[in-house]
Structures are given as structure tokens and as C-alpha cells.
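Subject: The structure for you to look at

Hi there,

Please have it open while you read.

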Amino acid sequence: DTHDSWVIEGNLSSCLFEERLNAADKIIILQLPRLICLKRAYKRYRQHRGQTRDSMAEGCPERFDLDFIKWILIDGRHPQIQERFQSVLENYSDKTLHLTSQKDIDTFLQDMKK
């Protein structure tokens with residue numbers, strides 16, 4: 001099986017990092033404000049409490065605990081992560097989108113429909 005397209009979602013882990021960036025047609029960095037992320041995570045938790053959403057690995061129920069809150073507010077915004085985002089923006093500027101608001105996301109999705 002070969003695939004003409006694929007999506008990698010998640011953090012910028014080091015696993016084949018450069019290879020994935022080089023192979024990508026488009027890189028999208030979502031950096032919404034912390035409190036927006038926290039509010040949305042809590043909303044998902046309320047909707048799916050104790051369940052595994054379709055977009056999650058089986059056996060990983062929705063959670064909203066202190067570790068997750070800390071990751072949203074602090075650990076996920078660590079300077080090393082910010083430096084990595086900046087490096088991607090600089091080194092792959094021709095194919096990177098940096099979306100920082102819901103308006104940016106809505107505009108991007110609307111443009112994809114054209």
C-alpha cells in the first residue's frame with residue numbers, strides 16, 4: 001500500500017523529525033492561547049468523560065487531571081518547544097503556516113475548500 005497523503009498530528013517529537021518535515025507538503029503549527037486550550041480540553045472532558053474518543057488510542061479514556069492541566073498551561077509551552085517551533089518557522093517558511101487564533105483556523109479551512 002502506498003499513500004499519496006498523510007497527516008501527523010501532535011507534538012514535535014524527535015522521532016524522524018527532520019525527515020518528516022522535509023517530506024511534508026505543508027506544516028501547520030497551531031499555537032492557541034493557553035486559556036483557550038484549557039477551556040477546550042475541559043469541554044472535551046465533560047463531553048467524553050471516561051470514554052475513549054474516536055481520535056484517541058483505544059484504552060486511553062478522556063482525562064482532565066493536574067498533570068494534563070500543567071502540560072496545557074506550562075510544560076507544553078516550555079522554551080525548548082517554543083525554540084523548535086521558531087526553528088521550523090525559519091527553516092521551512094515556504095511551507096509552514098502558523099495559526100494562533102480560531103479566526104486563523106477558520107480562514108485556513110475556508111481556503112482549503114476553494
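Let me begin with a charged pair: Lys70 and Asp75 join their side chains in a salt bridge, 3.1 Å from N to O. By salt bridge I mean a side-chain nitrogen of Lys or Arg within 4 Å of a carboxyl oxygen of Asp or Glu. Lys70 has a relative accessible area of 41%, so it counts as partly exposed, and Asp75 is partly exposed too, at 30%. The cut-offs here are under 20% relative accessible area for buried, over 50% for exposed and partly exposed in between, with a 1.4 Å probe and protein chains only.

Before going further, please keep in mind that this is a predicted model: local features need pLDDT of at least 70, side-chain atom pairs count only at pLDDT 80 or more, and totals for chains, interfaces and linings use all residues. Residues are numbered from 1 along each chain as its sequence is written, and side-chain values use heavy atoms, with hydrogens and water left out.

**The other charges**

The salt-bridge count comes to four. Among them is the pair of Glu62 and Arg53, whose closest N and O atoms are 2.4 Å apart. Glu62 is buried, at 6% relative accessible area. As background, side chains of opposite charge can pair when their charged atoms come close.

Which buried residue has no salt bridge? That is Arg77, and the nearest side chain of opposite charge, Asp75, is 10 Å away from it. Arg77 sits in the loop between α3 (66–73) and α4. Setting aside residues up to four places away in sequence, Arg77 touches Leu32, Pro33, Arg34, Cys37, Ile72 and Gln82; a contact means heavy atoms within 4.5 Å.

Over the protein as a whole there are 18 positive and 18 negative side chains, and the centres of the two sets lie 9 Å apart. Lys and Arg count as positive and Asp and Glu as negative, with His and the chain ends not counted. Each charge is placed at NZ of Lys, CZ of Arg, CG of Asp or CD of Glu.

**The overall layout**

The protein has five helices and two strands, in the order α-β-α-α-α-β-α along the sequence. Both kinds of element are DSSP runs numbered from the N terminus: helices are H or I with at least four residues, and strands are E with at least two. The C-alpha trace spans about 40 × 40 × 30 Å along its principal axes.

Of the 114 residues, 21% are buried. The accessible surface is about 9,100 Å², and 52% of it belongs to carbon and sulfur atoms; these areas come from the Shrake-Rupley method with a 1.4 Å probe. Taking contacts between residues at least 6 apart in sequence, 63% join residues at least 24 apart.

**The nonpolar core**

Which residues make up the largest nonpolar core? There are nine: Phe17, Leu21, Ala24, Ile27, Ile29, Phe85, Val88, Leu89 and Tyr92. A nonpolar core is a set of buried Ala, Val, Leu, Ile, Met, Phe, Trp, Tyr and Cys residues joined through side-chain atoms within 4.5 Å. At least two residues of this core come from each of α1 (17–23), β1 (27–30) and α4 (79–91), and α4 gives the largest share, three residues. In general, nonpolar side chains tend to be buried together in soluble globular proteins.

Leu21, in helix α1, is buried at 8% relative accessibility. Apart from neighbours within four places in sequence, Leu21 is in contact with Ile27, Val88, Tyr92 and Lys95.

**Some distances to check**

From Leu21 to Lys43, 22 residues along the chain, the C-alpha atoms are separated by 31 Å. Gln86, in helix α4, is 12 residues from His98 in sequence and 9.9 Å from it in space, C-alpha to C-alpha. Gln47, in helix α2 (residues 34–48), is exposed at 52% relative accessibility.
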